[in-house]
Amino acid sequence: MSGWWIMLTGSLVAISCGILGCFLVLRRLAMVGDAISHAILPGIVIAYLLSGSRDSLVMLFGAALIGLVTVFLIQWFQNSGIPSDASIGVVFTALFSVGVILVSLYTRQIDLDLDCVLFGEIAFVPFDRLIVGSVDIGPRAFWGLLLCFLLVATIITLFYKQFKLCSFDPALAAALGIPVAFFHYVLMGLVSVTTVASFESVGAILVVGLLVVPPATAYLLTDRLHVMILLSAFIGVLSTVLGYYVAYWLDASIAGCMVAVAGVLFVLAFLFSPKHGLMGRRKRLAKRMAVTV
Amino acid sequence: MIEMLLYDPNVRWVVMASLLLGLSGGVLGSFAFLRKQSLMGDVLAHAALPGICIAFMLTGTRSMLWFMIGAAIAGMLATFGIGFITRHSRIKQDAALAMSLSVFFSVGVVLLTHIQHHVRGNQSGLDTFLFGQAAAMTMSDVYLLATVALILIAACALFFKEFKLISFDPEFAKGIGLPVAALEQFLMFLIVIAVIVGIQAVGVVLMAALLIIPAVTARYWTDHLGHMVVIAGAIGAFSGFSGTILSTLAHHLPTGPLTVLSATFLFALSLILSPKRGLVGKWLSRRKARMLLVASDHLEQERAFVRGGG
């Protein structure tokens, strides 16, 4: 039974990340996702210190706010002439350091295990139950992530056209009067919220894996955005389920196995994708050579 | 208080090692910064984890030398993977970086948890690997770290001209017959080594910062590569020094974040105060430009008046 809850929770993380990750990969913002996932650590800690609990809305807002601050700072440094990769690096390492120091300072007051924040322990998910009235309706993390998934799915569906245009042709989008910067921040806000919602189960660092690896795999398999999003969510779920069994077999971290399996699936797509894979490319090249000869 | 600490030969060595580490991070980071590879340090630091775990599983001991070898192999594999993916598919650099970072790291986490559940023996030190604890290093670690840092700095000094050329104008470097690809690999190798020795002192996640922040900060003060390398080295050295001292003073605070925050402090100062690129400098030059504009506007009006009136 608890295995089902773990896979269900993991799948919710994977689907939310898979949807958002497609836009990150297309807009070449993959490392910004990495930056956000590190940078929200101080947000998590401060919100935890203020509210005293791990599952409050305060925490979600605190971390989303820090996520937006991160994106804003990166943008600002970039505009002031620092190359984008260096500005990403400066912002997230500095914020992450603040987070680690806060955890070390208040380590006695808070029961927030740094290892747990960074790597997550999805195996503990089924034990923290949400009880409404006197009815046990399942793990708390599951409901939080379900809420997060609904939020992501609703916003992306409602503004699908805008997000699509902003990803492929921001200049055209701006010319058509779409507030490109606003949608950029909405996307980043969603990434922050998803990262916070999933940090307990897969950890802040491994969220990046689910944000980037399944979308990149899907990117090798299709040229259509909605197919890519669906594929990416599917690959995420597949990684979760397979990862769970691999972790069970190896007796190791479930979150780690999920991302590692996603990595294997990427390598398979990289080698064998008919259109964009290594073999496909080589075959087409050989065909062209044969024709010219 | 600080004098008392420095009187202790052990502490003196640790401080010395962190200082040298910061220095080499700043120097190498300058080249990485110019070649737009700042985030490579972050990727390499994460990618080192599985290498270190495998080294521990194979040797069963916590020896820094074996950790370094394992991490170097993993790091080189990661850089190779990034290059291969970006060259042979439509995946862009940023996604390739993020992917190899997270996949290598997750494999590391899997191995780490496997070790924690199964292998008995001395496994302490694998945790400090993540955040660094310079004070927890043994003396032989410190000697090794200091030696490696010195070698890295010497290598940069020796190959300064070559690295400068491949950073600014690889085509020209190729034209005059330099082995550009080999030099690029060599520079990457030096960065891998810096990241790996740095892990012990400041931790995986923050070693990346030592390669980025001093270089970015130095860029605020100069346009000259030679000066930039020296300034970045000095900033890195200062951060390593103050981070270690602060961490020794406040017992349970990890060294890495304190070192990074020292560097960030200097970065913030430069961001505000640098004469050319800083906020104050920009504001001043903008004001000057506006005044000039107003003055020339007046002049223009006067001329028009004279012309019209005459």
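# Briefing on chains A and B

K164(A) counts as partly exposed because its relative accessibility is 32%, a value between the limits of 20% for buried and 50% for exposed. This residue belongs to helix 8 of chain A, which covers residues 160-168. The model discussed here is predicted.

**Selected residues of chain A**
- K164(A) and A141(A) lie 23 residues apart along the chain, and their C-alpha atoms are separated by 30 Å.
- Y48(A) is located in helix 3 of chain A, made of residues 41-51.
- The relative accessibility of Y48(A) is 8%, and therefore this residue counts as buried.
- Between Y48(A) and G62(A) there are 9.1 Å in space, C-alpha to C-alpha, for a separation of 14 residues in sequence.

**Overall fold of chain B**
- Chain B contains 14 helices and 0 strands.
- The pattern of chain B along the sequence is accordingly written as α-α-α-α-α-α-α-α-α-α-α-α-α-α.
- The C-alpha trace of chain B spans about 100 × 55 × 35 Å along its principal axes.
- Of the 310 residues in chain B, 53% are buried.

**Helix 7 of chain B**
- Helix 7 of chain B comprises 20 residues, 139-158, and should span 28 Å at 1.5 Å a residue.
- An α-helix has 3.6 residues a turn, so residues three or four places apart point the same way.

**Positive surface patch**
- R281(A), K283(A), R284(A), K287(A) and R288(A) form a positive surface patch.
- K287(A) sits in helix 14 of chain A, which runs over residues 278-292.
- K287(A) counts as exposed because its relative accessibility is 61%, and the cut-off for exposed is over 50%.

**Nonpolar surface patch**
- A nonpolar surface patch of about 1100 Å² draws on both chains, with F72(A) and W76(A) among its members from chain A and W221(B), F265(B), L269(B) and W283(B) among those from chain B.
- Two or more residues of the nonpolar patch come from each of helix 4 (57-79) of chain A, helix 13 (255-273) of chain B and helix 14 (279-309) of chain B.
- L284(B), another member of the nonpolar patch, lies in helix 14 of chain B.
- With a relative accessible area of 44%, L284(B) is partly exposed.

Notes:
Residues are numbered from 1 along each chain as its sequence is written. Chains are lettered from A and ligands numbered from 1 in the order in which they are written. This is a predicted model: local features need pLDDT of at least 70, side-chain atom pairs count only at pLDDT 80 or more; totals for chains, interfaces and linings use all residues. Side-chain values use heavy atoms; hydrogens and water are left out. Patches are made of residues with over 30% relative accessible area and no salt bridge: like charges are joined within 9 Å, nonpolar side chains (Val, Leu, Ile, Met, Phe, Trp, Tyr) within 5 Å. Accessible areas come from the Shrake-Rupley method with a 1.4 Å probe; for residues, only the protein chains shown count as cover. A salt bridge is a side-chain nitrogen of Lys or Arg within 4 Å of a carboxyl oxygen of Asp or Glu. Lys and Arg count as positive and Asp and Glu as negative; His and the chain ends are not counted. The place of a charge is taken as NZ of Lys, CZ of Arg, CG of Asp or CD of Glu. Helices (H or I, at least four residues) and strands (E, at least two) are DSSP runs, numbered from the N terminus. Buried means under 20% relative accessible area, exposed over 50%, partly exposed in between (1.4 Å probe, protein chains only). The expected span of a helix is 1.5 Å times one less than its number of residues.
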